[in-house]
Amino acid sequence: MNVFQLVQDRFKQALAKIEGAENASAPLARSTRPEFGEYQFNGAMGLAKLLKQNPRQIATQIVELVEMDDIAESLDIAGPGFINVKLKPQWLAAQIETALSDERLSVEKESAQTVVVDLSAPNLAKEMHVGHLRSTIIGDAVANVIDFLGHNVIRQNHMGDWGTQFGMLIAHLQDKLQASEVATTALSDLEDFYRQAKIRFDEEDGFADRARAYVVKLQGGDAECKKLWQQFIDVSILHSEQVYKKLNVNLKHEDIMGESAYNPMLADVVADLKQQGIVVKDQGAQVVFLPELANKDGEPAVYIVEKSGGGFLYSTTDLAAMKYRSFELNADRIIIFTDARQAFHFKQAEIVGRKGGLIKESTTYEHGPFGMMLGKDGKPFKTRTGGTVKLVELLDEAVERAEKLLAERESGLSADEQKEIARKVGIGAIKYADLSKNRTTDYIFNWDTMLSFEGDTAPYLQYAYTRIKSIFRKAGLDANNFNATVIIEADQEKALAVKLLQFVEAINGVSANLTPHLLCSYLYELSSLFMTFYEACPMLKDGIPEETKNSRLALSLLVANTLQKGLDLLGIETMEKM
Ligand SMILES: NC(=[NH2+])NCCC[C@H](N)C(=O)O
């Protein structure tokens, strides 16, 4: 049940009955003030212009024609011709009852598309750092939502497991193994390992040449090099999988489709482009010129697909990935999450791919760029000494901080329970602080605000959830098995009911715009409305009639279910007690 859609459809049907308005647009908006009702139809003014009539007259005509008796208690014309729709409390009540008895909370499945989501994609030469947090959790949340909407989601972890840096890394690893170290210890600190290899590459005689020779060997499929490379990859993947587990993201080993997997397809992709006649040789390299992306001096953008002297690049790999996803995986949508600095790269890739026939016309290619995580000083997030912050350490710190905060409260919970709750609160706080910001902007990382139990935070939402669960425990009722006749009387009840039914609008927004923050703000607004309702509409107080109590409990329970589902889609866990 999508109330917005339903109301809009009714207006569309009304317009269809007006001569000349059959295909007119039907702009609908949420009302900004509850006294005006819940929705506002804004189409009369535009239509008046089109039909050269008085807008209020048109509005009157629409009100007469629109069939809304079953769902609306009043339709009022305001100002120049706005139509305010006030929904019927009885109708809302019935929708709440239906949603409460439905696991999917009345969210219907859409007709299934195949959606490839490219997310996380750390570079295996290095340990995951905060820069990979955003791609991982934003991608995961969006993938969860699209999956919940009924689509076939294929997660692709496009790990950076290939490229010239592996030459120096495997050369260094080979020396370490010869000095009888085992791979797991040698690679226990990837940052450190990378640094050592880089110093040797820059300073040690002959090492750089050896590294370069290894790159060529590796690309050519040399068994010895491949074996060294594989050890590197295995250890490195274990590191990221540890992070995924801590982060509670839904990424599995079989979702890994790293850059190396495309190596055998690269030559074909370049051949495809040559066949289309769009590749030219430029300073020894094979490139595609893109006049549609010219700079301000009118020079076309250049997309390199093969380096001078041979060898393919990141950009070639993305074309191969595009072809594979569109033609082999049959994707209707390809969605890629990386930081905003790669926006131009993906814009170019799409144009090259479309010209070169590497993507079906029916496949969309969507890049979800995101801004940076900044420190308190507004500069890129770093350790105190200016190093990159390892993701694992950041997550562990979050849990520790949550533990301390929770220990200050009288909860009556056992130490084990406390620990588990602290884990959910700490990790939830980090994730929510990130997901709730508009994806495209930079944001300042702040421990104190994200861990606060007040305001737009995960702990606040988790707390609202446990509060409802504790009301049920107090009332001696089984929250997993409760339904009641809903009666909507108080304004706070109505406002809450309307918000509850807007869940589907929020998640549709996430899927369409790749913006988890829409779901976050929805959940926050829902919790705030619940708190207001809770103050104004007591449930367990003496003297409350049984029907009123049960109705309010039902509303509360749907709030809890919606919070749990919403947080779950965001990859954030809830708990029964806190
Ligand atoms: N298809 C892609 N290029 N996906 C994203 C890869 C991100 C890359 N490994 C990075 O860390 O920047």
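Colleague: What does the accessible surface of the chain come to?

Modeller: The accessible surface of the chain is about 26300 Å², and 48% of that belongs to carbon and sulfur atoms. Such areas come from the Shrake-Rupley method with a 1.4 Å probe; for residues, only the protein chains shown count as cover.

Colleague: Before we go on, what should I know about the source?

Modeller: This is a predicted model, in which local features need pLDDT of at least 70 and side-chain atom pairs count only at pLDDT 80 or more, while totals for chains, interfaces and linings use all residues. Residues are numbered from 1 along each chain as its sequence is written, and side-chain values use heavy atoms, with hydrogens and water left out.

Colleague: How many helices and strands are there in the chain?

Modeller: The chain has 21 helices and 13 strands. These are DSSP runs numbered from the N terminus, with helices (H or I) of at least four residues and strands (E) of at least two.

Colleague: And what percentage of the residues count as buried?

Modeller: Of the 578 residues, 51% count as buried. Buried means under 20% relative accessible area, exposed means over 50%, and partly exposed lies in between (1.4 Å probe, protein chains only).

Colleague: Is S31 buried or exposed?

Modeller: S31 counts as buried because its relative accessibility is 19%. S31 sits in the loop between β1 (28–30) and β2 (39–41).

Colleague: Which backbone atoms lie by its side chain?

Modeller: A polar atom of the S31 side chain lies 3.3 Å from the backbone oxygen of G37, and one also lies 3.3 Å from the backbone nitrogen of Y39.

Colleague: Changing topic, which residues are around the ligand?

Modeller: Among them are D118, N123, H132, Y314 and F346. A residue qualifies if one of its heavy atoms lies within 4 Å of the molecule.

Colleague: How far is a polar side-chain atom of D118 from a nitrogen atom of the ligand?

Modeller: For D118 the distance is 2.7 Å. A polar side-chain atom of Y314 also lies 2.7 Å from a ligand nitrogen atom, and for N123 the value is 2.8 Å.

Colleague: How much of the ligand does the protein bury?

Modeller: The protein buries 89% of the 350 Å² that the ligand exposes when taken alone.

Colleague: Lastly, what does UniProt list for residues 461–578?

Modeller: The unreviewed UniProt entry lists "domain: DALR anticodon binding" there; such annotations may be inferred rather than shown by experiment. In the model, residues 461–578 are 67% helix and 0% strand, with the end C-alpha atoms 12 Å apart.

Note on methods:
A polar contact is a pair of N or O atoms within 3.5 Å; within protein, one must be able to donate a hydrogen and the other to accept it, and residues adjacent in sequence count only if both atoms are side-chain atoms.
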